[in-house]
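Thanks for coming, everyone. Please bring up the structure on your screens, and I will walk you through a few of its features.

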Amino acid sequence: MTIPRRSWRGAGALVAAAVVGLTGGVISAGPAVAHTPTWAVTCSEVTVDLTNYTSDVPNTVTVSVDGKDLLPTETFGREFHKKLALPDHDKPVTVRLVVKDADGDGKHSIDQTKTAEVCEEEPTPPPTEPAPSQTPSTGTPEPSATPSDEPSESAPAAPAPSPSSPDLAETGSSSSTPVIGGAAVAVLLAGGGILWAVRKRRTTQG
């Protein structure tokens with residue numbers, strides 16, 4: 001079976017159109033993934049991510065804060081990734097990113113600014129209050145039991161006097177009484193003997 005030439009020409013046109021459409025899709029998708037600069041600014045840091053740049057040319061990137069360099073001009077190739085800490089600030093500051101694309105006419109160069117707000121301070125937790133002390137009981141105390149007329153059997157006996165303590169008064173005779181009496185008798189006898197001897201002597205002299 002022979003296919004007419006007109007059919008061959010129609011099929012060729014369809015294939016050509018499909019190839020052109022596919023090629024165009026690839027070409028159009030190329031710029032979408034090339035030269036992708038991404039950067040973000042918070043109250044405390046700056047994040048820069050640059051991808052799909054031309055690797056064999058001296059691309060440059062600079063970051064500044066209120067006109068002062070935070071990242072002096074630095075050369076990079078295909079990619080650049082860096083996180084920079086912002087200096088302390090008590091009011092909003094302006095962060096500027098400058099990227100120079102060294103490929104061709106530099107149409108992918110960027111010069112953008114963003115604002116870094118002041119970081120909010122974390123609230124100070126309130127001081128912990130001491131737990132309230134327990135309120136003392138105000139109830140009426142129970143009355144004590146009525147004392148019994150009879151002495152309690154468990155009452156302690158009166159303590160006996162210590163044998164080492166001195167006697168408050170001696171009402172009876174002690175062991176030294178006979179000695180004292182004997183001494184008195186001896187004194188009387190001696191006195192009587194002396195008196196008798198004196199009288200005898202006088203009688204003899206008379």
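**Disulfide, sheet and rings**

Let's start with a cysteine. Cys 119 has 34% relative accessibility, so Cys 119 counts as partly exposed. The scale is this: buried is under 20% relative accessible area, exposed is over 50%, and partly exposed is in between, with a 1.4 Å probe and protein chains only.

Some ground rules. The model is predicted, so local features need pLDDT of at least 70 and side-chain atom pairs count only at pLDDT 80 or more, while totals for chains, interfaces and linings use all residues. Residues are numbered from 1 along each chain as its sequence is written, and side-chain values use heavy atoms, with hydrogens and water left out.

Back to the cysteine. What does Cys 119 form with Cys 43? A disulfide, with the sulfur atoms 2.0 Å apart; the cut-off is a pair of cysteine sulfur atoms within 2.5 Å. The pair links distant parts of the chain, 76 residues apart. Cys 43 sits in the loop between strands E1 (36–41) and E2 (45–51). Cys 119 sits in the loop between strand E7 (110–116) and helix H2 (177–205). These labels are DSSP runs numbered from the N terminus, helices (H or I) of at least four residues and strands (E) of at least two. The link is right-handed, with 100° about the S-S bond. Cys 43 is partly exposed, at 27% relative accessibility.

Next, the sheet. Four strands make an open sheet in the order E4-E3-E6-E7, with antiparallel pairing. Two strands pair if DSSP finds at least two bridges between them. Why is one side of E4 (68–76) and of E7 without a neighbour in the sheet? Because both stand at the edges, each with a single partner strand. E6 (residues 93–100) pairs with E7 over 7 bridges. Thr 94 stands opposite Thr 115 in E7.

Now the rings. There are 2 aromatic pairs. Rings of Phe, Tyr and Trp (its six-membered ring) pair if their centres lie within 6.5 Å; planes under 30 degrees apart are stacked, over 60 edge-to-face, the rest tilted. Tyr 53 and Phe 76 are edge-to-face, at 5.4 Å centre to centre and 75° between the planes. Phe 76 and Phe 80 are tilted, at 5.7 Å and 50°. Together, ring pairs link Tyr 53, Phe 76 and Phe 80 into a cluster. Tyr 53 is buried, at 1% relative accessibility. Phe 76 and Phe 80 are both buried too.

That's the tour. Questions, please.
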